[in-house]
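This briefing covers selected features of the structure shown below. The points are grouped by topic.

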Amino acid sequence: MSDLRADTSTGEIPKPRPDKIRCDACPVMCYIAEGQTGACDRYANHQGQIIRCDPLTVIDQRIQQGGEVVPFLNAWDGQLVPDDTLFVTAIGSGTTYPDYKPAPFIVSREIDGADVITVVTEAIFSYCGVKVKIDTDRHLGHEAAIVRAQGEAIGHVMTSEYGSQMLSLGGVDHLTGGTKSEGRVTCDALLRLCNGEAVTLTVDDGAEVIVQAGKPPIVDGQTEHRMRVGCGSATIGMFAAQWQGLVDEVVVVDDHITGVVSEHQAGKVLGWPDTGIRIKGRRSTPGRYFQVAEPGRGWGGTNIEDPLTILNPWLAKKGARPGMSMLMVSTTGEQFAYYILDDDLIPQKADLPTALKPSVDLISENCEPALCTVMFMGGAGGSLRSGVTKNPVKLTQSVQALKTSVTCGGAPVYVWPGGGITLMVDVTTLPKGAFGYVPTPALVAPLEFTLSREDYVALGGHDGAIRSLDDIFAKGGEYGAATRGVGPRS
Ligand code: SF4
């Protein structure tokens, strides 16, 4: 199995290396010695045969959710079970590079009387990355700011979403378009994020954030517990009635829209009287103010620690009077303060009245837990399609026509409309450790295409390579016969 091709620069024929055999599952083409693994740690030389180190993973509906049994055959015991109980994922299946031959497993199953084919392969994604949603209104960095891991640029800050900051990490430019170190660090960060590990990221002129899929973000050392209930205006709309009769004015401080109940439509509908309050910032519509402060990690995602800094002097002719009370609160209820206007119409801090406490608690109670969401995104429209069909574009057309369903480690994916097979999947829905890498660098992700046998044959599928579940469990594949069963993930 040694490569004895002539060196094109010297014309020399390399000496055979009988102690090593070549792995051809990716373009790196490692020579692997007996008992060793290749550069990606996913393939090994076992008694002169290249094997996949991880077992082929089968999702078994009979196993408790999230549970795992190794090896699979111990759980299976050869009993006959309906085919739709078992789903052969691509995890541990191996890759056929460069895709001139059929995918590692092309599985036939009978489901409700129909013959269904699933083609599985561990796809190598040069074009891939993750989109990260971080539930926090703390300012992580300005839009388009560079995001780094270990000092290397691996992505950037995207457009914020409602209550969340968004990052786009990876992509072909960081993986292969920069320095070797940038590519290596990007690949490492993506792999760890996709496999559910915590990764420390820094944003240029912004925060340090520890991101882990399904866990709360840690921003500058502080664990974020709550996602804001809404913007300041929405908070006024939700809770204005709770405050009526208990306080003269309420200001909900928020980096996006700061709300003022006496001016807001919600207050007007309730007959809330004017108070003569004046807010700094740009008035959008009544009771809704943009840019009351700079973005930051203080109150409501602003940079302020003292909420009074967003107020201009109160106006007596517009209703302000000594003794008037005001509640200022952030959009998570984490920060709140209560004030009484003195004889000079200057707010003086006072204890929060017991009657107002439940309304602040209600804001907190209505906040959802803050989490990090990591969505793997990659383009599967390339050569791997040849492992599915001899006519690759037909696979794309079949996916776009919803005749072929695409899953990633058994998890449903979102396929973007338009050309190619560009997919997104929540990494927490895959079995653990589903992602791998190759040092080119690129990520490896499991991919399954499922369709009827009739459609598979019609799109030019490799029908001669179709195998039954029994045959696969009995004989394994090119890279070994180890299997494991895992329970479905919720
Ligand atoms: S990097 Fe991994 S997949 Fe690629 S040739 Fe080496 S062992 Fe095989």
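**The β28–β29 hairpin**

Gly409 adopts a positive phi near 60° in the hairpin formed by β28 and β29, where two residues lie between the strands. The model is predicted. The points below begin with the strand pairings around this hairpin and then turn to the open sheet, the ligand site and the cysteines.

**Pairings of β28**

- Strands β28 and β29 (residues 411-412) are antiparallel and are paired over two bridges.
- Within this pairing, Cys408 has Ala411 of β29 as its bridge partner.
- Strand β28 (residues 405-408) is also joined to strand β33 (residues 442-452), by three bridges and in antiparallel orientation.
- On the β33 side, Glu448 is the residue that stands opposite Thr407.
- Strands of a sheet pair through backbone hydrogen bonds, in either a parallel or an antiparallel arrangement.

**The open sheet**

- Eleven strands, written in the order β17-β16-β15-β14-β11-β12-β13-β10-β27-β31-β30, make up an open sheet with antiparallel pairing.
- The edges of this sheet are β17 (222-223) and β30 (414-415), each of which pairs on one side only.

**The ligand site**

- The largest cavity is where the ligand sits.
- The residues around the ligand include the cysteines Cys23, Cys26, Cys30 and Cys40.
- Also around the ligand are Ala25, Met29, Gly38, Ala39, Arg42, Tyr43 and Pro439.
- By class, this shell consists of nine nonpolar residues, one polar residue and one charged residue.

**Cysteines**

- Zero disulfides are found in a search of the whole structure.
- Cys187 is accordingly in no disulfide, and the nearest cysteine sulfur, which belongs to Cys128, is 7.4 Å away; a disulfide would require the two sulfur atoms to be within 2.5 Å.
- Cys187 counts as buried because its relative accessibility is 3%, and the cut-off for that class is under 20%.

Key:
Residues are numbered from 1 along each chain as its sequence is written. This is a predicted model: local features need pLDDT of at least 70, side-chain atom pairs count only at pLDDT 80 or more; totals for chains, interfaces and linings use all residues. Side-chain values use heavy atoms; hydrogens and water are left out. A residue is near a molecule or strand if one of its heavy atoms lies within 4 Å of it. On a 1 Å grid over the protein atoms alone, a cavity is a set of points where a 1.4 Å probe fits but cannot get out, and a pocket is an open set with protein on both sides within 12 Å along at least five of seven lines; lining residues have an atom within 4 Å of a point. A molecule sits in a cavity or pocket if more than half of its atoms lie within 2 Å of its grid points. Ala, Val, Leu, Ile, Met, Phe, Trp, Tyr, Cys and Pro count as nonpolar, Asp, Glu, Lys and Arg as charged, and the others, Gly among them, as polar. Two strands pair if DSSP finds at least two bridges between them. Helices (H or I, at least four residues) and strands (E, at least two) are DSSP runs, numbered from the N terminus. Buried means under 20% relative accessible area, exposed over 50%, partly exposed in between (1.4 Å probe, protein chains only).
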